[in-house]
Each structure stands twice: as structure tokens, then as C-alpha cells.
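Visitor: Could you take me slowly through one part of this model, looking closely at what lies beside it and around it?

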Amino acid sequence: MTVTHRMIPMLATALLCASCAVERGGAYRDAAAPMGVTTRFDAARFAGSWMLWESFGPAAPGSFVFEERNGVLQISGPAALDLAGDYRNGAPGEFVAKAPNGETLVVMWVDEDFETAAIGTVSGSFGAILDRDGFVPPDRAQAARDIMEFYGWDVRTLERTVL
């Protein structure tokens, strides 16, 4: 195949995208970007069941359940997969897995009514937009994506898990 001058920009873009994937080490976020916790986090309002709306990479559709028992946060539900288990509280909105080498899960954003949230691991191995009833209005979906992008997530790779 002969490379023409018209193909050079496409090849450069493909190489750049490939290098980004290698730099991220399989993660969906740039680990050099800062990661923050929402200032409006409230454990009592956040507790309960959330539907997985969009996520990075393959995910099981369904719910995440956040329950606090005796000072331990338990994450369960069909969508939780590798994140299911016991966590200790870090800063408000930050949960550190009790298992060795466990992930730190952060609530980056939640809307005023605690209906939609953006969560993710500090490592960037998992990130998602959650919603109480499984339907995210466009303005809240955009707000969640904007905050995730600000914290270094590649929101172009979000995949819808709820139809």
C-alpha cells in the first residue's frame, strides 16, 4: 500500500491514540491528572441502590448498592463486579477497599438531589455514571461527563449499560 499525503494525518492520529492507551496502562484515566471528591457528598443520602448508566469498558448492567454497617461501607450488586466488598471511609466520598492492594473509589460528582453520580477508582481501572432510576437527563449526563473529563477520564470511551 502506498501512503499518500492525505493519509499522514490519519496515521499520526492512530499512533497518538495508541500511545495514549499505552501511557494509561490499560486504565481509562490519566493518572497524572488530579482526582477530587465532590464537596456535597453525604453518606446517608448516597446510601442505597444506584443503576449503572454508563461505564468504561465491559460492565454488567444492573445496580450498585452502597450500605454502611458498623462503620464499614459495603458495595454489592450485579454491576459492582470486582468492586464488591468492604471499604473503609477515607475523606468524605472516598472509599478505600479493605482487601490488600484494594482500590480507592471516589465519588467525583453527585447532583443536588442525589439522583445521578460520577464515580471512579483513583487508578482509572473503573469509572461510571450511576443513576437512581436508570434514566439520566441530558444535562446531568453532560455534567457527569464534564467532571470526569476534568479529572482525566477519556469520556469518549464511556459505554451505555442501560438502554
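Guide: Glu94 stands opposite Val106 in strand β6, and this belongs to the antiparallel pairing of strand β5 (residues 94-97) with β6 over 3 bridges; strands are DSSP runs of E with at least two residues, numbered from the N terminus, and two of them pair if DSSP finds at least two bridges between them. This is a predicted model, in which local features need pLDDT of at least 70 and side-chain atom pairs count only at pLDDT 80 or more, while totals for chains, interfaces and linings use all residues. Residues are numbered from 1 along each chain as its sequence is written, and side-chain values use heavy atoms, leaving out hydrogens and water.

β6 also pairs with strand β7 (residues 116-121), in the antiparallel sense and over 5 bridges, with Ala118 in β7 as the bridge partner of Trp109. β6 and β7 form a hairpin with 5 residues between them, and in the turn Phe114 has a positive phi of about 55°.

Because 7 of the 7 residues of β6 (residues 104-110) are buried, the strand is largely enclosed by the rest of the structure; buried means under 20% relative accessible area, with a 1.4 Å probe and protein chains only.

The largest nonpolar core has 23 residues, of which Phe46, Phe64, Phe66 and Ile119 touch the most other members; such a core is a set of buried Ala, Val, Leu, Ile, Met, Phe, Trp, Tyr and Cys residues joined through side-chain atoms within 4.5 Å. β6 gives the most to this core, with 3 residues. Apart from this core lies another, of 16 residues, among them Met108, Val136, Met148 and Tyr151.

Methods: Buried means under 20% relative accessible area, exposed over 50%, partly exposed in between (1.4 Å probe, protein chains only). Helices (H or I, at least four residues) and strands (E, at least two) are DSSP runs, numbered from the N terminus.
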